[in-house]
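Subject: Handing over the structure

Dear colleague,

I am passing this structure on to you, and below it you will find an account of what turned up in it. Please keep the sequence and the view open while you read.

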Amino acid sequence: MSISQEKKMDLLVSFCKRRGYVYPDSEIYGGFANAFDFGPYGTELKNNIRDEWWKRFVHMRTDVVGVDTPIIQNPKVWEASGHLQNFSDPLVECKRCHHRFRADHLLEARQSEPGYDKEAPVDLKDVRCPECGGELTDMMYFNLMLKTSIGVREDAASVAYLRPEAAVGMFTTWKNIRDSMRVKLPFGIAQIGKAFRNEITPGNFIFRTREFEVMEIEYFVKPDDASRAIDMWLEAYKKWCTEVLRLDPAHVQYREVPESDRAFYSARSIDPEYAFPFGMNELGGLVNRTDYDLSRHQKYSKQDLRWLDPETNQKILPYVIEPTWGLTRSVLAVLCEHLDIDEADTSDGDKEPRMVLRLPPRLAPVKVAVFPLQKKDAMTSTAKKLVAAFHAADIVVEYDDSASIGKRYRRQDEIGTPWCLTVDVESASDASVTVRERDSMSQERIALNDVVAWIHQHII
Ligand code: GAP
């Protein structure tokens with residue numbers, strides 16, 4: 001049964017809270033707008049996506065090294081990077097209700113109204129407040145950097161900023177990597193971590209929040225190799241989407257960003273976008289940042305950041321290709337993609353709707369659930385031994401001996417657990433368990449001695 005796009009977000013938000021994926025933050029104090037807590041299963045899912053990304057793009061490559069740089073850096077960094085001057089969004093405010101909006105979002109919404117001529121330029125003067133219909137102010141630019149202060153005094157000298165992207169720490173540590181790691185171009189530096197932006201219009205659940213996580217690579221190349229590197233990373237990200245996140249290719253597009261919409265330093269940008277229930281929206285980015293960052297940091301730090309080409313004995317400032325991917329947004333895309341409702345048999349032979357999260361096994365928070373059919377010693381002790389065997393094999397397992405078997409299946413289906421194992425009366429005589437697969441609901445008997453290895457083999 002397919003869920004309508006309008007209903008999907010409401011369903012997903014309530015599902016996330018009910019099943020321990022994502023909760024509203026500070027709820028006991030009335031909440032805090034656009035802030036969320038990842039619950040136990042949400043944290044596992046996010047960590048699994050993060051670990052798969054790191055494995056694929058750092059451990060399994062010979063040309064990428066990983067780092068972990070601070071969220072709060074020397075404030076001069078943000079002057080050099082251009083963030084203090086340029087990291088802003090166009091803002092308009094309603095003169096009547098004082099709601100604030102991103103001007104570019106209002107223009108986009110206006111252009112997609114039915115009957116609107118998409119080719120005609122849109123003038124903000126023709127747009128009214130979406131909340132109350134009031135008149136909007138002229139557009140102004142609003143800096144998205146979140147400020148804090150360091151030390152015991154709060155004055156101009158103590159001002160510091162929370163990083164709005166993970167990228168910049170990789171540029172400021174580039175010289176140390178170059179000098180300590182004997183790397184050769186092309187090579188990349190990767191980092192995963194939190195970023196902070198004082199967004200004008202956060203929203204759509206965890207899609208746009210003020211605090212979020214990104215997985216970024218800065219890939220340093222000779223200028224002539226930039227276009228080849230973009231092609232290589234585009235292919236790598238297409239495979240990441242289909243092989244790991246298992247997003248249907250029909251739900252993903254790789255949008256060539258026109259020059260007018262690109263960051264001023266970008267020579268080319270491709271935005272991978274996913275068909276979220278609220279529309280096609282950005283999941284990541286693939287940008288040719290040229291030598292903008294290294295040349296700025298070279299100028300402001302007065303350090304030589306060039307690389308010595310051993311073939312020509314000439315020093316060059318490498319270009320940077322940046323494949324970036326939203327981790328928080330990946331969690332949302334994966335949940336949207338894999339949450340489904342189908343039908344299951346009831347005990348009296350009828351059918352009932354079943355909510356099922358068809359997560360790829362390697363992303364699933366719990367890989368396997370073990371149930372004793374009844375709370376009888378022979379069954380519970382075998383089931384608990386099985387749980388210990390999964391722990392020893394480093395496979396995340398849940399034990400459940402409450403409620404009917406049907407209810408236990410339903411709960412694990414919703415969490416996204418790929419397999420449920422039931423220890424029953426026959427297990428004592430045939431030394432086997434019933435393995436029930438989440439998506440097909442098919443069942444087979446597997447020997448107790450083999451079942452851990454079987455599950456291990458199937459976690460792909
Ligand atoms: N270093 C490049 C950079 O920061 P970006 O497109 O501004 O590029 C990278 O951000 C990714 O971070 C986006 O593609 C998106 O997935 C994610 N992202 C950006 N702003 C976000 C927000 N407010 N909430 C959640 N994720 C966000």
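This is a predicted model: local features need pLDDT of at least 70, side-chain atom pairs count only at pLDDT 80 or more; totals for chains, interfaces and linings use all residues.

Residues are numbered from 1 along each chain as its sequence is written, and side-chain values use heavy atoms, with hydrogens and water left out.

The chain as a whole

The chain has 14 helices and 24 strands, and its C-alpha trace spans about 75 × 65 × 50 Å along the principal axes. Of its 460 residues, 48% are buried, where buried means under 20% relative accessible area, exposed over 50%, and partly exposed in between (1.4 Å probe, protein chains only). The accessible surface comes to about 22900 Å², and carbon and sulfur atoms hold 49% of that surface; such areas come from the Shrake-Rupley method with a 1.4 Å probe, and for residues only the protein chains shown count as cover. Among the contacts (heavy atoms within 4.5 Å) with a separation of 6 or more, 65% are between residues 24 or more positions apart.

Backbone details

His98 has a positive phi of about 65° although it is not a glycine, and it counts as exposed because its relative accessibility is 51%. Lys302 counts as exposed, since its relative accessibility is 74%. Within H9 itself, by contrast, Tyr292, Asp293, Leu294, Arg296 and His297 are buried, and what covers them includes helix H3 (76-81), helix H6 (167-172), H7 and S10.

A cis peptide bond, with omega about -5°, joins Leu185 and Pro186, and Pro186 lies in the loop between helix H7 (174-180) and S9. Thr62, in the loop between H2 and strand S3 (64-66), counts as exposed at 87% relative accessibility. Thr62 and Phe187 are 125 residues apart in sequence, yet their C-alpha atoms are 8.4 Å apart in space.

Aromatic rings

The structure holds 24 aromatic pairs, where rings of Phe, Tyr and Trp (its six-membered ring) pair if their centres lie within 6.5 Å, and planes under 30 degrees apart count as stacked, over 60 as edge-to-face and the rest as tilted. One of these is the tilted pair of Tyr21 and Tyr41, with 6.0 Å centre to centre and 40° between the planes. Tyr21 lies in the loop between helix H1 (5-18) and strand S1 (22-24) and Tyr41 in helix H2 (residues 40-59), so this pair ties together parts that are 20 residues apart in sequence. Both Tyr21 and Tyr41 are buried.

Trp419 and Trp454 form an edge-to-face pair, with 5.9 Å between the centres and 80° between the planes. Because Trp419 lies in strand S22 (residues 419-423) and Trp454 in helix H14 (residues 448-458), the pair ties together parts that are 35 residues apart in sequence. Trp53, Trp54, Phe57, Tyr219, Trp233, Tyr237, Trp240 and Trp325 form one aromatic cluster.

Strand S22 also holds Val423, which counts as buried at 1% relative accessibility. Leaving aside residues up to four places away in sequence, Val423 touches Phe371, Pro372, Leu373, Met379, Thr382, Ala383, Leu386 and Val433.

The second largest pocket

A pocket here is found on a 1 Å grid over the protein atoms alone, as an open set of points where a 1.4 Å probe fits, with protein on both sides within 12 Å along at least five of seven lines, and lining residues have an atom within 4 Å of a point. The second largest pocket has a volume of about 400 Å³, a volume being the space filled by probe spheres set on the points, which are joined across faces, edges and corners. Its lining has 19 residues, of which Asn34, Ala35, Phe36, Thr209 and Glu211 lie nearest the centre. Strand S2 (36-38), strand S9 (187-196) and strand S10 (211-221) are the elements that give two or more residues to this lining.

Conventions:
Helices (H or I, at least four residues) and strands (E, at least two) are DSSP runs, numbered from the N terminus.
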